[in-house]
Structures are given as structure tokens and as C-alpha cells.
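Trainee: I am new to this structure and would like to go through it step by step. Could we look at it together?

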Amino acid sequence: MIDVSDTKVFGFWVYLMTDLIIFAVLFACFIVLHGNTFNGPTAKELFHLPSVLAETLLLLTSSFTCALGMLAISRQQKNWAIIWFIITFILGAAFLYLEISEFAEFVAKGASWKRSAFLSSFFTLVGTHGLHISIGLLWMVVMMFRIALRPLVEHSVSRIFRMALFWHFLDFVWIFIFTIVYGIGYLL
Amino acid sequence: MRDFFFGKLTWDAVPHVWYTIGGTVFIILVAFAIGIYLTLTRRWGWLWNEWLTSTDPKKIGTMYMIFASVMFFRGMLDAGMVWLQQSIAADSQGYLTADHFQQIFTSHGDIMVFFVTMSFFFGLMNWIVPLQIGARDLAFPFLNSLGFWLTVSGGLLINLFFVIGGNFANTGWLAIAPFSELEFNPSVGVDYLIWSLQLSGAGSLLAGINFLVTIIKKRAPGMTLMKMPLFTWNSLCAMVLIISAFPVLTATTLLLWLDRAFEMHFFTIGYAGNQMMYWNLIWMWGHPEVYILVIPAFGMFSEIVSTFSQKKTSGYVSMVWAAITITMLSFLVWLHHFFVMGAGPSVNSFFGIVTMLIAIPAGVQVFNWIFTMYKGKINLASPMYWFIGFLVLFIIGGMAGIFMASPPADFQVHNSLFLVAHFHTMIVGVALFGIFAGITFWFPKIFGFKLNERLDKQAFWFWFVGFFVAFMPLYLLGFMGAPRRIDHYDAATGWQPLYITASIGFCFILCGIATQVYLVIESIKQRKHHLDTTGDPWNGRTLEWATHSPPPFYNFAIVPPITSHEVFWDMKKKGWKREKTYEDIECFKNTGMGIYISIFAFLLGFGFVWQIIGLIILSSIGVIACIIRLSFDDEMEYVLCAEDVAKIEESYIRG
Amino acid sequence: MHYKLSLSITGFVASLLLTLAAYLIIVRPEFFHLDTKVAIITIFSLALAQSLVQLIFFINVWKEKTNYWNLGVFISTVSIIFIIVFFSIWIINHLNYNMQ
């Protein structure tokens with residue numbers, strides 16, 4: 001149903017590549033600066049890994065339910081599509097809630113982005129991902145309206161597909177945040 | 001509460017020095033003059049419907065060119081002020097304070113790179129790339145309009161400090177950290193730099209994606225990659241660089257702004273920031289950027305040389321590979337901008353060697369151009385003048401570059417006037433001459449009449465001689481130890497005569513610019529004498545010459561079959577005549593959304609600069625609301641049926 | 001673009017296992033008798049594996065014949081990312097060492 005060689009999908013794909021490059025710069029900064037704690041809190045002291053695991057599982061599952069939503073779209077099942085996307089939204093919102101709680105907890109402990117270069121790069125990298133998640137959630141709501149109000153013709157399906165692609169890529173980037181920030185950052 | 005409405009704005013932001021008052025008055029006068037003209041001639045509607053909301057790449061291209069020309073005057077004003085200051089400031093402070101001088105060369109660099117050269121190139125690409133590949137429009141007509149208006153909003157923001165704020169960044173065009181951090185630069189100048197770059201960077205990125213997808217997906221059937229004209233190939237390579245490099249600029253300037261606005265510590269001196277990382281990241285963007293500026297010029301000259309030598313470009317395949325190689329290598333050399341920062345011999349030699357390697361594909365191109373001319377029927381029209389000037393300057397500037405590619409040699413001339421002379425040779429001699437040549441070459445296609453040849457050649461001589469007189473002294477000064485960016489120096493150094501010579505060269509260049517202004521005015525007045533009635537004034541070789549001059553908004557009524565990278569030459573050899581059977585054409589509507597989104601983006605940028613929370617929230621909502629509104633608009637295309645196409649085509653043939 | 005339920009489920013389960021494996025190594029490296037360096041390499045490899053799984057099973061980057069432009073752009077982006085990250089680490093390491 002979706003022609004991935006379609007011009008609009010390809011254009012959006014190229015845009016996603018540029019977004020990945022922005023993340024690459026933020027990752028490079030984090031790696032270079034992760035030891036620059038300025039005698040402040042370190043990763044080991046701050047990170048609460050069980051909630052990081054919870055966030056990871058929430059986002060991974062949301063990527064799965066998003067795929068199920070697209071499956072429903074390809075079968076022209078509007079109601080199932082909306083249900084799966086609502087579930088995806090809830091999982092994504094829960095992820096965001098946990099992340100914001102983590103940020104608030106750090107700030108309360110005095111480990112805000114102002115404390116050291118390490119914390120600046122942590123908040124920026126993870127925060128930028130969180131900002132993308134928020135945009136993805138908003139986009140998801142708009143697409144749910146589209147599914148409800150418009151017929152599932154090719155150009156509608158293409159738009160919903162692009163939103164799903166964006167959402168999958170957010171989990172793709174999170175794999176590396178989980179590994180490099182919370183994993184390697186914690187181990188080193 | 002105060003923060004919500006006013007942020008950091010105070011009464012100090014009102015203009016109160018001579019240059020901010022002067023700039024404000026000038027901007028207001030020009031705006032009024034335009035407004036009064038439009039009102040008296042009742043052309044507001046025409047302007048809005050025919051031009052501002054247009055999604056036709058030819059119109060957007062023309063708007064880019066006009067915008068770039070306006071910004072060019074601003075950049076040259078800065079240049080003139082620098083030249084004057086440096087000529088008189090031997091053993092004196094000159095007429096500018098140190099801080100003001102620093103603001104001038106900073107804005108000169110940013111304006112010339114972002115708003116002049118890039119805008120000129122996007123303008124020329126908008127005009128010509130769709131025509132060369134047999135397409136009717138770009139892949140994303142709306143994004144084309146949005147990208148243009150975002151660039152304009154960036155241009156507005158970079159000039160806004162005259163009216164509100166009072167000072168621009170004094171940090172150099174790349175806002176080096178930690179000098180650009182709050183500790184040393186608490187005023188909003190650096191923030192204006194950051195956000196105007198973010199806005200225009202977003203516009204450039206959208207245009208880059210657009211052209212990349214257009215060239216890859218919208219070529220006429222039968223036009224394989226190896227049948228694309230060289231200007232299109234070089235544009236493709238430049239677009240690959242844009243999508244790879246501009247995200248780095250976006251991220252890096254964002255980090256600098258986060259340091260300033262949120263007291264983060266990426267590049268600050270305290271709290272374990274790493275200032276060297278800033279230079280690493282910004283040059284990671286900066287080096288591909290300068291190749292973005294020159295690679296399209298190479299493409300333009302390839303077209304010009306083969307057209308005016310009436311010969312196929314020598315070594316088409318090697319030219320394609322040269323362009324691709326330069327593109328790939330340009331992403332591996334950025335450290336040569338900071339050999340002196342102390343990365344050590346292993347790092348420096350790696351980057352030095354790769355930098356020298358770029359000379360090889362550059363040399364391949366130079367030799368191919370010369371081989372193309374060899375035994376060709378050369379017609380020395382004015383584009384060829386610009387080409388020969390370019391060839392001389394490219395070789396000189398290139399050799400200076402190879403000299404600096406060696407770290408030990410670079411240690412001597414880093415940040416001296418030798419470096420300044422080198423990059424101006426490349427930007428003026430390659431990029432700017434390419435733009436001038438391209439404008440003269442393609443002007444009749446876009447506007448239907450040729451530019452005055454004699455005046456264009458006169459302009460060339462002013463520019464060419466002027467450039468030598470203005471910049472050769474700078475090479476010498478660099479070897480003599482003169483650093484860049486100094487606002488005064490001791491007369492005992494003996495530098496002043498050379499600075500004065502450079503200023504004389506600048507006067508020649510000013511004559512060249514004056515000639516070009518006169519050229520445009522005269523050519524418009526005399527246009528009936530230089531009409532291009534055939535669509536092919538230069539005996540061209542590529543597909544753009546197969547349309548009418550100017551082309552109808554849909555470019556081609558029928559797209560001809562593609563045979564080689566010189567389709568039109570092949571068509572002419574076979575005795576081509578315009579077809580009279582027509583088909584329905586899908587077209588894109590005009591839309592004002594690009595302007596509305598850019599206005600909100602401008603307000604958002606302004607809000608970020610002055611940290612006005614209310615404005616930030618409201619304009620973010622504005623941008624998002626526009627985008628959501630746009631996403632529900634499913635009817636942006638309409639069909640022009642074959643009968644209407646026939647009527648338009650007949651009107652061209654009737655004349 | 002043909003959607004299959006089996007693809008999505010396979011991708012989900014594989015990613016789940018790879019995530020849990022990485023998590024266990026992060027919290028209990030001693031359990032696997034891994035010193036820090038090896039642990040880092042292992043979890044990074046797990047990340048690469050999971051990213052490939054997600055690319056193939058969720059994003060479907062390899063599937064269609066007509067996809068080769070998407071794949072090509074992706075590969076060139078990965079090269080740029082590698083250059084950005086690897087070279088930044090190399091350069092800054094040298095700079096930090098020389099310019100204490």
C-alpha cells in the first residue's frame with residue numbers, strides 16, 4: 001500500500017537523516033564531555049537504572065504498537081488503527097513522564113544542567129530526544145484526527161506512514177542513548 | 001511578569017550611536033519608499049499573488065537573486081568600512097572603535113556567506129536545475145517557498161540589531177567560544193548571530209533536501225544520472241554536502257546558545273567546558289560549507305565552457321567523479337582550520353595529507369576545462385571572460401590553499417592576511433565570478449532578453465583588476481606577519497602602503513559593482529533590442545535552452561526524450577521542431593503559508609534573542625498551528641488541462 | 001510496502017531480548033565475568049545488533065527493490081555519523097592530552 005520510493009517518503013527520509021546527524025553531534029559532545037563532571041555528580045551516582053529500563057521497554061513497546069497501527073491502516077481498519085495509536089500515545093506519554101521525573105529529581109539534587117559540562121551534555125542529548133518525542137506525540141494526535149475524519153486514500157496513508165517512521169526512528173535513537181549515555185556512561 | 005512580556009529588552013536597545021541610528025533611518029526610508037511605490041501603483045495585490053506567494057521555482061529563484069543582491073550591498077558596505085579603517089589606522093585608532101570594527105567584519109562574513117553566496121546559488125539552481133532535468137517544478141514546491149522565506153527572516157534578524165539592540169556580535173563570523181560566551185559577551189549581539197544563522201540554516205537545509213530529492217526523483221524519463229548536465233551534477237554534490245553539514249551547524253550553534261541562555265557549560269571556561277570542541281564542531285560544518293559555495297560554480301563553468309567552445313565537455317565521466325571525490329574529501333579535512341590548536345603531529349598530518357589530496361580532483365577539472373577549449377570554436381562572450389578570470393584566480397587561490405595544507409607552513413600564516421587573501425580568492429574568484437557568469441549566461445532564458453555584453457565585460461575588467469590590486473597586497477602582508485582582524489597597527493611595520501593599495505583595489509571593485517548596476521538598468525531599458533525570440537541565444541547544449549525565453553510556469557509542455565548529457569545539442573543535430581500536441585499538466589497552487597510560518601519563526605528567533613517568554617510561547621504555537629493547518633490542506637495541486645496549455649504555447653509562438 | 005504481523009512480532013521480541021541482555025550487563029558486569037572494557041564493547045555490539053533489528057523489522061529499510069536510494073542515503077549518513085563521532089573523539093583526545 002505504501003510506495004517507499006514515493007517522493008514524499010524519500011524526502012522525509014532524507015530529513016530524518018539530517019535529524020540523525022544532529023543527534024550524532026550531541027552524542028559526540030556527550031562522549032567527549034562525559035568525564036567533565038567538575039567534581040560534581042557523576043553518572044554512577046545519579047543514574048537510576050531500573051527506571052531507565054522501564055523507559056526503554058515503554059518506548060520499545062510503543063514502537064511495536066505503532067507498527068501494529070500501520071498494519072491496521074494497510075488493512076483499511078480505521079478503528080483498530082486509532083486504538084493502536086492511542087496505546088502508542090499512552091506508552092510514549094508514560095515514557096515522557098518518567099523522563100521528566102528523572103530530570104526533576106536530578107535538578108532537585110543540585111545536578112542540573114548548570115552544574116558541569118557532563119550534565120549539560122546529558123540534559124541536552126536526552127532532552128532533545130524528549131522534545132522529539134513530544135513532537136511525535138502531537139503529530140500522532142493530528143494523524144488520529146486525520147484517520148477519523150478523512151478517507152484512507154494514498155496521500156493520507158503516506159502522511160501517517162511518515163509519522164510512524166518518525167516514531168520508529170525515535171526508538172532507534174533511544175537504543176543508542178540507553179547504551180551510550182546510561183550504559184557506557186554508567187560503566188565508565 | 002516583566003520577563004514574560006519584555007525579556008531582556010530595556011530602553012538601552014533603542015538606537016543611540018551613529019551607525020545604529022543611521023542604519024535604522026536607512027531601513028525605515030527604504031521600507032517607506034517601497035510601500036509608497038506599491039500603494040501609488042496599486043501593486044500590493046500583484047506583488048502578493050504573482051510573486052510573494054508563488055511556488056514557481058523561477059519566481060522564487062528571482063526573489064532569491066534580488067534578496068542576495070540587497071544583502072550584497074550590505075556586505076560590501078561592511079567591506080568598505082574595513083578597508084578604510086585599515087588604510088588609515090597606522091599609529092592611530094582610525095575612525096572606528098575596536099569593538100565596532102569587530103562587529104563589522106563579523107557581519108561582513110556572515111552576510112556574505114549565508115545571505116549572499118548561498119542565496120545567489122539557490123536562486124540560480126531554482127531557475128535552471130528543473131529546466132536542465134526536464135522537470136516542471138521541484139519535488140516540494142511549498143518547501144521551496146518556505147525555505148526562501150526562512151532565509152529572508154534570517155536576513156531580517158541579522159540586520160535587526162540596528163533598530164533594536166544596538167550591537168552585533170564582535171566574535172568573528174563563526175562566533176568562537178569562549179569569547180562568544182556570556183562571560184565575555186553578555187549583550188545580545190551573539191544571540192542575533194546565532195538565531196539568524198539558525199533561521200537561514202533551516203531554510204538552506206530545506207532547500208538542500210528539496211533539490212536533492214528533485215534531482216534524484218524528478219528527472220525526465222530516460223535521463224539517467226550519467227546523462228545529467230554537469231551543473232545539475234555539481235548541484236547534487238553540493239546538496240549532499242548541505243544535508244550532511246548543516247545539521248552540524250544547527251546543533252553547534254544551539255549548544256552555544258544553550259550555554260548563553262541556560263547557563264550550560266559545553267564551551268565555557270569554568271565548570272569543565274571544552275572550548276576546543278566548539279572549533280572542532282563548527283569547522284566540521286564550516287569546511288563543507290565553503291565547498292558548498294564553490295562546487296556549483298564549477299558546474300556552471302563546465303556548462304559555459306562547453307557552450308562557448310561549441311564542444312562537448314572533455315572528460316564528462318572524470319568531471320562527475322571529480323565532483324563526487326571533492327564532495328567526499330571535503331568532509332575529511334576540517335581540522336586544517338585549526339592546525340595550530342595543538343592536536344599534535346599524527347592528527348595534523350592526517351588532515352594535512354587529505355587536504356592536499358583535494359587538489360587532485362580540482363586539477364582534473366581545471367585540465368578538462370582547458371581541454372574542452374582546445375580546438376573548440378571559441379566565442380569570447382562575457383561569460384567566458386568571467387571563466388578565464390575564474391581560472392586564473394582558482395589556480396592562484398588553490399596554490400595558496402595547498403601551501404597552507406602543510407601544517408608547518410600553516411603555523412606561519414594561520415590567521416594572517418595570507419589566509420584572508422586565500423579564502424577571498426576562492427569565494428570571490430570562484431563562487432562570485434561563477435555567480436556573475438551564471439547570471440549573464442542564463443539571464444536571457446529567465447527574463448527573455450540578453451544583458452548588455454559590452455557593459456558586462458567592462459564590469460569584469462573592473463572586478464578582475466580590482467581583485468588583484470585589492471588582494472595581492474594581502475598575500476604579501478600575510479607573509480610579512482600582518483594578522484587578520486586588527487583594527488590598528490604600528491606604522492613602523494611598513495604595512496600601511498599595502499593596505500592603501502588594497503583600498504585602491506576596492507575602489508576598482510566598487511566601479512565594477514556600479515557598472516553592474518548600470519548594466520542591469522541599461523539592459524532593461526534596451527531590452528527590446530536584445531530580445532531572445534528563439535529560446536536559444538547562445539547555441540546552447542543542454543535541455544534548458546529547449547524552452548521558450550522566459551519559460552511558461554510549467555517549463556515544458558511536452559518533455560523531450562533524453563539521449564545524452566547534451567540533449568538539446570543532439571536534438572538540434574537531428575533537426576528539432578517544437579511539438580504541437582499537448583497533455584494535462586499537474587501544477588502547484590500559490591500559498592502564503594511559507595510567509596506566515598516564516599513570520600512566526602522570525603518572532604520566535606527574536607523571542608529567543610531577547611528571552612521574551614510570552615513571545616516564544618505564542619510564536620511557537622503560531623508555527624505549530626500553521627503546520628497543522630497546512631497538514632489538513634489536501635488540495636495544493638490543480639490540473640492545467642491540455643487546451644489551456646495549448647493556449648499558452650500559442651501565445652508564445654505568436655510572440 | 002507489505003506489512004506482516006510476523007515481522008513486527010519478531011522484531012519486537014528480538015529487541016526485547018537484546019535490551020534485557022544489555023541491561024543485565026550494565027547492572028551486573030561481574031555476573032558475566034566481564035571487565036569494564038569488554039562490557040562496553042559487548043553492550044555497544046548489542047546496541048548495533050538491536051539497531052539493525054529495528055531497521056529491518058520496524059523501519060523495513062532493506063525490503064523493497066525500489067528502496068535503494070533510501071538505503072544509499074542511510075549508508076552515507078552512517079558514514080558521516082561515524083566520521084563525526086570517531087574523529088571528534090580522536091581529535092579531542094589528542095587536544096586534551098597536548099593542551100592540558
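Trainee: Between which two helices of chain B does the loop with B:Pro550 lie?
Mentor: This is a predicted model, and the positions below come from it. In that model the peptide bond from B:Ser549 to B:Pro550 is cis, with omega near -10°. The loop that holds B:Pro550 lies between helix H17 (496–525) and helix H18 (567–573) of chain B.

Trainee: Is B:Asn539 buried, partly exposed or exposed?
Mentor: A residue needs 20 or more other C-beta atoms within 10 Å to count as buried, and 12 or fewer to count as exposed. B:Asn539 has 15 such atoms, so its class is partly exposed.

Trainee: Which residue does a cis peptide bond join to B:Ala177?
Mentor: Omega of this bond is about 0°. The residue asked for lies in the loop between helix H6 (141–159) and H7 of chain B. It is B:Pro178.

Trainee: Which element of chain B gives the most residues to the side that touches chain A?
Mentor: In this contact, 30 residues of chain B meet 27 residues of chain A. The elements of chain B that give two or more residues are helix H7 (189–217), helix H8 (230–262), helix H9 (275–308) and helix H20 (613–631). With ten residues, the one that gives the most is H8(B).

Trainee: How many charged residues are on the side of chain B that touches chain A?
Mentor: Sorted by class, that side of chain B has 20 nonpolar and seven polar residues. The charged residues number three.

Trainee: Which element of chain A has the highest mean pLDDT?
Mentor: Chain A as a whole has a mean pLDDT of 94, and 97% of its residues reach 70 or more. Among its elements the lowest mean, 92, belongs to helix H2 (residues 43–46). The highest, 97, belongs to helix H4 (residues 78–108) of chain A.

Trainee: How far does H4(A) reach from its first C-alpha to its last?
Mentor: H4(A) has 31 residues. At 1.5 Å a residue, the expected reach is 45 Å. The model comes close to that, with 44 Å.

Trainee: Against which helices do the buried residues of H4(A) pack?
Mentor: The buried residues of H4(A) include A:Trp84, A:Phe85, A:Phe89, A:Phe95, A:Glu99 and A:Phe106. The buried residues of H4(A) pack against H2, helix H3 (49–74) and helix H5 (117–149) of chain A.

Trainee: Is A:Asn39 buried or exposed?
Mentor: A:Asn39 lies in the loop between helix H1 (7–33) and H2 of chain A. Its phi is positive, about 60°, although it is not a glycine. Because 9 other C-beta atoms lie within 10 Å, and 12 or fewer is the limit for this class, A:Asn39 is exposed.

Trainee: Which helix of chain C gives the largest share of the side that touches chain A?
Mentor: The contact takes 39 residues from chain C and 40 residues from chain A. Helix H1 (5–27), helix H2 (36–57) and helix H3 (68–98) of chain C each give two or more residues. The largest share, twelve residues, comes from H3(C).

Trainee: What is the radius of gyration of chain C?
Mentor: Chain C has three helices and zero strands, and its C-alpha trace spans about 55 × 40 × 10 Å along the principal axes. Of its 100 residues, 34% count as buried. A compact globule of 100 residues would have a radius of gyration near 13 Å, but that of chain C is 18 Å.

Definitions and conventions:
Residues numbered from 1 in each chain as written. Chains lettered and ligands numbered in written order. Predicted model: local features only at pLDDT ≥ 70, side-chain atom pairs only at ≥ 80, totals over all residues. Contact = placed C-beta atoms within 7 Å. Helix = DSSP H or I, 4+ residues; strand = E, 2+ residues; numbered from the N terminus. pLDDT = per-residue confidence, 0-100. Nonpolar A, V, L, I, M, F, W, Y, C, P; charged D, E, K, R; others polar. Expected span 1.5 Å × (residues − 1). Rg over C-alpha atoms; globule rule 2.2 N^0.38 Å.
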